[in-house]
Amino acid sequence: KDNKLSIQYYSYHKTAFEYSMTENGEENYWPASTVKLAACVMALLKLKEYNVSSQAVVNYTNLEGNYNGTVEKLCREAIIPSNNASYNRLMEIAGFDEINDHYLPEVFHFPTMVLQRRYIRHHPDDSLRISPAIQFTEGDITGTIPERKSSGKMREQCPREANCTTLAELGEVVF
């Protein structure tokens, strides 16, 4: 009647607002592929720094081989059929440290979300901590996102080599 927005929050085992662990130290909530949307958003933020959009064509080689196509296509492939190679590429475009030390805590103010898990591993040492040089073109704009190497540190709020988030943070990514 008064046209005021009312939001009711629910939580499953405290996963809405904190990353929860069982008494045995196991995760109560595993975000799995739900973080692929966040990886897409982070890659788009990185491209924005270079004044290009999702229509930018990127060309580079990573552990999955060479990619030459738009970032929009990577986002669609990562989200719609849940393609793991496309997710890995989006993470490399954004950069490990940029995602976890800048975008998530400073831009989005997400204290819990950490993206550090590679979804396709060719051998046990594969990680997202190295982003190769990435050439991009959109219209008259061309450039290179330089190779980046992470500090390599595990994010203490997220155990093991995992991706961690809360349901509330995932909901904010959608908005």
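**Core, disulfide and a buried serine**

Cys-75 counts as buried at 9% relative accessibility, where buried means under 20% relative accessible area, exposed over 50% and partly exposed in between (1.4 Å probe, protein chains only). This comes from a predicted model, so to speak of local features takes a pLDDT of at least 70, side-chain atom pairs count only at pLDDT 80 or more, and totals for chains, interfaces and linings use all residues. Residues are numbered from 1 along each chain as its sequence is written, and side-chain values use heavy atoms, with hydrogens and water left out.

The partner of Cys-75 is Cys-40, and a disulfide joins the two with an S to S distance of 2.0 Å; a disulfide here is a pair of cysteine sulfur atoms within 2.5 Å. The pair ties together distant parts of the chain, with Cys-40 in helix α1 and Cys-75 in helix α2, 35 residues apart. Helices (H or I, at least four residues) and strands (E, at least two) are DSSP runs, numbered from the N terminus. The link is right-handed, with 95 degrees about the S-S bond. Cys-40 is buried too, at 6% relative accessibility. By this rule the count comes to one disulfide.

Next comes the largest nonpolar core, which has 35 residues. Such a core is a set of buried Ala, Val, Leu, Ile, Met, Phe, Trp, Tyr and Cys residues joined through side-chain atoms within 4.5 Å. Val-58, Tyr-87, Leu-90, Ile-93, Ile-99, Met-113 and Leu-115 touch the most other members. At least two residues each come from α1, β1 (57-62), α2 (71-79), α3, α4, β4 (134-138) and α5 (167-174), and α1 gives the most, with six. Contact means heavy atoms within 4.5 Å.

Helix α4 (residues 96-107) has Phe-96, Glu-98, Ile-99, Asn-100, Tyr-103 and Leu-104 as its buried residues. These pack against α1 (36-49), α3 (84-94), β3 (130-131) and β6 (148-149). Just after α4, His-109 takes a positive phi of about 60 degrees.

Strand β3 holds Ser-131, which is buried with a relative accessible area of 1%. The Ser-131 side chain reaches the backbone oxygen of Glu-92 at 2.8 Å. Beyond its neighbours within four places in sequence, Ser-131 is in contact with Met-91, Glu-92, Gly-95, Phe-96, Pro-146, Glu-147 and Arg-148.

How values were computed: Polar contact = N/O pair within 3.5 Å; in protein donor to acceptor, adjacent residues only side chain to side chain.
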